[in-house]
Each structure stands twice: as structure tokens, then as C-alpha cells.
There are 2 protein chains.
Amino acid sequence: MSAAQPHKVVSLAEFKAACQSCSLFQLCLPMGIADNELALLDKIIRRRRPLKRGEHLYQQGHSFQSLYAVRSGSIKTYATTEDGREQVTGFHLPGELLGLDAICTERHGCAAVALETCTVCELPYDQVDRLNEFLPGLQQQLVRMMSREILGGQALLALLGKRSAEERLAAYLLNLSGRFQRRGLSGTEFIMSMSRTDIGNYMGLAVETVSRMFTRFQEMGILSVRRKHVVVHQPERLRAIACQSGGCTVLGRAGAALPQTETKNG
Amino acid sequence: MSAAQPHKVVSLAEFKAACQSCSLFQLCLPMGIADNELALLDKIIRRRRPLKRGEHLYQQGHSFQSLYAVRSGSIKTYATTEDGREQVTGFHLPGELLGLDAICTERHGCAAVALETCTVCELPYDQVDRLNEFLPGLQQQLVRMMSREILGGQALLALLGKRSAEERLAAYLLNLSGRFQRRGLSGTEFIMSMSRTDIGNYMGLAVETVSRMFTRFQEMGILSVRRKHVVVHQPERLRAIACQSGGCTVLGRAGAALPQTETKNG
DNA sequence: TCTCTTTTTTGATCTGCGTCAATGTTGGAT
DNA sequence: ATCCAACATTGACGCAGATCAAAAAAGAGA
């Protein structure tokens with residue numbers, strides 16, 4: 001992937017292939033896009049050079065210009081409070097959008113940093129209107145994705161409001177698992193690119209608690225963790241734990257706690 | 001308010017006055033709407049008969065048809081888990097939208113019930129596209145409002161993740177206060193239409209804790225509560241409590257924990 | 001008005017998880 | 001290979017807030 005020239009003209013097949021693995025995919029292709037429109041889209045969506053671990057895609061407070069979609073790798077978003085502590089607001093895997101929360105204020109309320117080497121596509125927001133003329137339904141699709149984000153947020157709220165540490169971790173793992181699976185990757189064996197500290201921060205738990213829970217799950221034979229490498233042996237038990245107090249409805253069908261990725265275009 | 005004939009033709013002035021106090025306001029009027037368009041809008045937006053306390057606007061699982069805006073009164077949204085317990089997902093005051101989370105699944109993930117006598121406006125979602133042709137920017141405005149909802153959700157996450165009961169309640173009260181104030185009502189004296197149980201459920205606290213915190217704030221001289229009637233004597237101290245661990249940045253400028261209502265149309 | 005139900009408040013006790021502290025592990029830099 | 005800094009694990013302890021229990025207050029209906 002030599003991602004040097006951002007506006008390089010690609011063949012249609014090549015482009016479609018790229019978009020399959022890319023993530024703005026959902027914003028465009030499902031709508032039966034014509035070939036000439038695809039060329040237009042290609043002009044507008046920018047491929048950025050890959051981000052290295054620790055590099056920022058944008059900083060908190062920066063003016064909002066574009067939406068981003070993760071193409072590969074993973075990105076953490078976090079907000080820093082005035083006393084210097086950070087609140088992790090999300091982890092973004094391939095196929096997921098970043099920046100939706102900045103549209104209303106036209107300023108990024110959180111920073112986005114690569115957890116590993118990443119590639120992203122960029123959609124300048126001021127082009128959305130223009131693009132919508134050629135791709136009717138684009139904006140509608142955007143609304144749908146935002147709706148999903150809101151729904152996922154509610155699920156997470158329920159989780160943080162009244163679930164034990166064990167339930168939170170179980171739900172978190174199932175969520176990751178589901179997101180990987182939906183991307184065609186293994187849902188039972190994957191790499192968690194985020195640190196324990198980040199997980200704890202995100203889930204409202206102390207690092208130590210996160211660590212203890214991983215140990216407990218391991219002792220129970222539910223999974224194996226070695227550093228960032230996870231193998232889930234008994235997803236059903238994980239699900240049982242996550243749902244034991246009936247959180248599954250709220251959390252969406254699969255007990256996942258965050259933005260789902262399926263699209264229902266009934 | 002005889003809300004009998006939904007499609008009654010109203011004079012422009014009358015309509016504008018209605019919309020000032022109504023809430024789909026934000027979806028239409030700020031965009032410099034022409035008079036003939038206004039008439040169209042009036043045809044599409046339905047005024048429903050008032051809801052009495054305890055009546056449902058929609059039930060969990062119902063198919064999604066419309067967005068609703070609260071015109072007066074207040075509405076609670078909640079999801080019921082399979083074991084029959086409920087998770088409150090939000091309180092909606094005049095000027096706020098309901099149903100945004102249902103767009104993606106085309107099914108309501110939570111129920112909406114009136115906490116007191118309410119009036120609402122209804123915008124059939126399948127009309128949004130059509131309406132967008134006449135009111136360019138409508139959909140864009142919708143996107144902006146959803147973005148705000150996402151942002152607010154993140155703030156709430158931060159709150160539930162790592163704030164003490166005292167901080168949560170302080171933030172909750174400030175949030176309510178701000179929302180009333182922004183609607184031109186008093187931010188220091190208002191009626192909390194929701195029960196202590198609902199507040200606790202929403203904020204991830206036991207009812208008893210909520211009650212104790214109100215008592216504590218009262219003993220500190222910060223406010224007076226009598227049943228649902230609240231008078232805030234020292235908002236600064238409330239703010240100091242809500243922000244003491246630096247949550248203000250995340251929570252939006254005023255320490256409010258939920259969807260803000262200001263619009264930035266830079 | 002009085003009764004019955006629901007909501008709120010207050011007190012007492014118990015526990016999950018945060019905090020502190022110490023040790024082990026890993027990967028990157030030299 | 002060796003050092004170092006960041007990350008992860010494990011143990012001990014204390015406290016905020018959940019839970020249990022019961023009384024008090026406020027509506028709702030007759």
C-alpha cells in the first residue's frame with residue numbers, strides 16, 4: 001500500500017476492492033452507485049498516509065473539517081479534562097467512523113490517536129452536501145449511522161450505570177468480538193490493541209480491576225489472554241455473564257455494548 | 001389548546017408563535033424559511049392530542065414512524081430488559097427531540113412515557129426527504145442535532161464512569177437547570193417531574209443515595225428541595241462539586257451532562 | 001374527611017471495587 | 001545483550017454506596 005498520491009486515479013474494480021475493506025464503504029456503495037459517480041467519490045475521499053502508533057489524527061479543540069473512517073488498525077478517541085486527566089470516549093476499528101460528535105460544535109471535543117499503525121479515509125464534511133446531489137441518500141445514510149451511534153451510547157450507559165466489573169468486562173469483550181467478526185475476522189481470537197489502562201478508563205474501572213477480571217475469566221476457563229492476544233474459549237459463558245442481570249436487550253442483540261455495524265436498509 | 005384537527009390551517013404569525021414554544025423549531029425556522037414553505041411544513045408536522053401522565057408516546061419494539069418533539073411537559077424514555085427491569089435512557093424537556101435512536105433499526109429500542117401532561121409535535125420520518133427538497137438544510141440540521149446527542153452521550157459516559165454520587169447529582173441538577181434556562185424558564189427554581197427512582201436509575205445510583213444527596217445539598221445550604229420543587233441557592237457551589245475532578249470540559253461548558261441545546265450555525 | 005398506595009426519607013449493615021504498594025513482564029533503545 | 005520505562009499483575013485494606021428494613025410524607029380515590 002503505497003499511499004503517497006492522495007488523488008491518484010484508480011480503476012473502478014480497484015476502487016471497489018479498496019472500499020470493500022475500507023469503511024466509508026457503508027456511506028456510499030450500498031446505494032447502488034453508478035460508475036461515473038464512483039469516480040467523483042474517488043476525487044473527494046482522500047486516502048491519508050498511514051498513521052503510526054501514537055500519532056494523532058486530530059487533536060481536541062481542533063476545528064472540525066472532515067469525517068474519518070478507519071480502514072485498518074485501530075484508533076482511540078479521548079477527551080482531556082482541564083486538570084489533565086483523560087476520559088477515553090471510544091475505540092474505533094476498521095469500518096467505523098470518527099468525528100460524528102464534532103459536527104454540532106464544528107470543533108473536535110476529543111482527540112483521536114492511533115493505537116497501532118492505521119490507514120484512514122477522509123471525507124471533507126463540506127463536500128457532503130455537494131456529494132449528496134450525486135449520491136442521493138448519502139446524507140440519509142449518515143443519519144442512520146449516527147442513529148446507530150446514539151443507540152450504542154445508550155447501551156453503554158446502561159452498562160456503566162449498573163453493571164458489575166465482571167459484567168462490564170464480559171460485555172466489552174463480546175462487543176470487540178462481535179465487531180471483529182462482522183468484519184470477517186475471527187470473533188474468538190483477536191488482538192486487543194488498547195492497554196488495560198485504556199480499557200479501564202473507558203469502562204469506568206481501575207486498571208487493577210480490569211487485570212483481575214481477565215485473570216478470573218482465565219481461571220474460569222472462559223478465555224486465554226496473553227498480553228494483548230485474546231482467545232475466547234466459551235463465548236456462551238461470557239454472554240451469560242454479560243446478560244445475567246438482563247442487559248442483553250439494552251445492549252443490542254449480541255450483548256454488544258457499542259455502536260453496532262450492521263445496516264438495516266429495509 | 002384544542003388539538004383536535006391536526007391539519008387545521010393556521011395563520012403564519014400564529015404558526016410561528018406556536019413554533020417558538022415548540023421544538024421542531026430548531027429543525028425548521030432557523031433556516032430562514034419562506035412563507036409558502038411554512039404552510040407545507042404545517043401540513044406535515046402533526047400536533048398530537050395531549051398526553052396525560054403515564055401515557056405512552058410509543059412502546060419499545062414498535063416500528064419507527066416519526067420523530068417527536070416535546071412541546072410542553074416532559075417525557076421519559078426507558079428500555080425494559082428481558083427480566084423486566086427498566087433502564088431509563090433519558091428525560092426530554094420542551095424543545096427536545098425523541099426517537100433519533102430508532103432510525104437505524106426502524107424500531108423503537110425504548111419506550112417513551114409522559115411524566116406529566118404533555119404536548120408533542122410529530123414529524124413523520126418518511127417525509128423528511130420530501131421536506132428536504134423544499135427546506136434545503138433540514139437534513140443537515142437533523143445531522144447537527146444528532147451530533148449533539150452523541151456528544152451529550154459521551155459527557156454522560158464520563159459522568160457515570162468515574163464520578164461520585166455527589167458529583168453525579170450535582171451535574172444532573174446543573175444539566176436540568178441549564179436546559180430550563182435555555183428555554184427561557186428559571187434555572188434556579190424549577191419542577192423536577194421525574195421521581196427519585198427514575199433519577200437514580202438514570203444516574204446509576206440507588207434511590208436511597210439520591211435521596212441522601214438531596215438532603216446533603218440541602219444541609220449544605222446549596223438548595224432547597226421539597227418533593228419535586230427545587231430552588232437552587234448557590235449554583236456556583238453546585239458547579240464546583242460537579243467539576244471538582246475536572247469533568248467540566250467533557251461535560252460541555254456549563255457542567256451539563258446531557259444533550260445541549262444551543263445551536264452553533266457558524 | 002379518611003384510607004390506601006406510592007414515594008421519599010432515614011438508619012444500619014455489608015460488600016465490591018478503588019487505592020496504595022510492591023513485584024513481575026515486555027518491548028524498545030542503545 | 002542489557003537497560004529502562006511503560007505496562008501488567010497480585011495482595012492488603014478501607015470506604016462509598018448498595019442493600020435491607022422501617023418509618024414518614026404525600027397523593028389519589030372514595
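What follows is a conversation about the sheets, the chain contact and the salt bridges.

Q: What kind of model is it, and how are things numbered?
A: This is a predicted model, in which local features need pLDDT of at least 70 and side-chain atom pairs count only at pLDDT 80 or more, while totals for chains, interfaces and linings use all residues. Residues are numbered from 1 along each chain as its sequence is written, chains are lettered from A and ligands numbered from 1 in the order in which they are written, and side-chain values use heavy atoms, with hydrogens and water left out.

Q: How many helices and strands does chain A have?
A: The secondary structure of chain A comes to 9 helices and 11 strands, where helices (H or I, at least four residues) and strands (E, at least two) are DSSP runs numbered from the N terminus.

Q: In what order do the strands of the 2-7-4-5 sheet pair, parallel or antiparallel?
A: In chain A, 4 strands form an open sheet in the order 2-7-4-5, and the pairing is antiparallel; two strands pair if DSSP finds at least two bridges between them. Strand 2 (56-58) and strand 5 (86-92) of chain A each have a single partner strand, so one side of each is left without a neighbour in the sheet. Neighbouring strands of this sheet are turned by 30° against each other on average, direction ignored.

Q: Switching topic, how much area do chain A and chain B bury between them?
A: Chain A and chain B bury about 4300 Å² between them, with 58% of it on carbon and sulfur atoms; buried area is the accessible area (1.4 Å probe) that two parts lose on being put together, summed over both. Of the area that chain A buries against chain B, C104(A), I150(A) and L157(A) supply 14%, more than any other three residues. The contact takes 49 residues from chain A and 49 residues from chain B.

Q: How many salt bridges are there between chain A and chain B?
A: The count between chain A and chain B is 0 salt bridges, whereas the count over all chains comes to 14. A salt bridge here is a side-chain nitrogen of Lys or Arg within 4 Å of a carboxyl oxygen of Asp or Glu.

Q: Where do K76(B) and E86(B) lie, and are they buried or exposed?
A: The side chains of K76(B) and E86(B) meet in a salt bridge (3.2 Å, N to O). K76(B) lies in strand 4 (residues 75-80) of chain B and E86(B) in strand 5 (residues 86-92) of chain B, so the pair ties together parts that are 10 residues apart in sequence. K76(B) is buried, with a relative accessible area of 8%, while E86(B), at 34%, counts as partly exposed; buried means under 20% relative accessible area, exposed over 50%, and partly exposed in between (1.4 Å probe, protein chains only).

Q: And what about R179(B) and E96(B)?
A: Their side chains meet in a salt bridge (2.8 Å, N to O). This pair links distant parts of the chain, with R179(B) in helix 6 of chain B and E96(B) in the loop between strand 5 and strand 6 (97-98) of chain B, 83 residues apart. R179(B) is buried at 4% relative accessible area, and E96(B) is buried at 11%.

How values were computed
Axes fitted to C-alpha atoms, helices over the stretch in contact; angles between N-to-C directions. Contact = heavy atoms within 4.5 Å.
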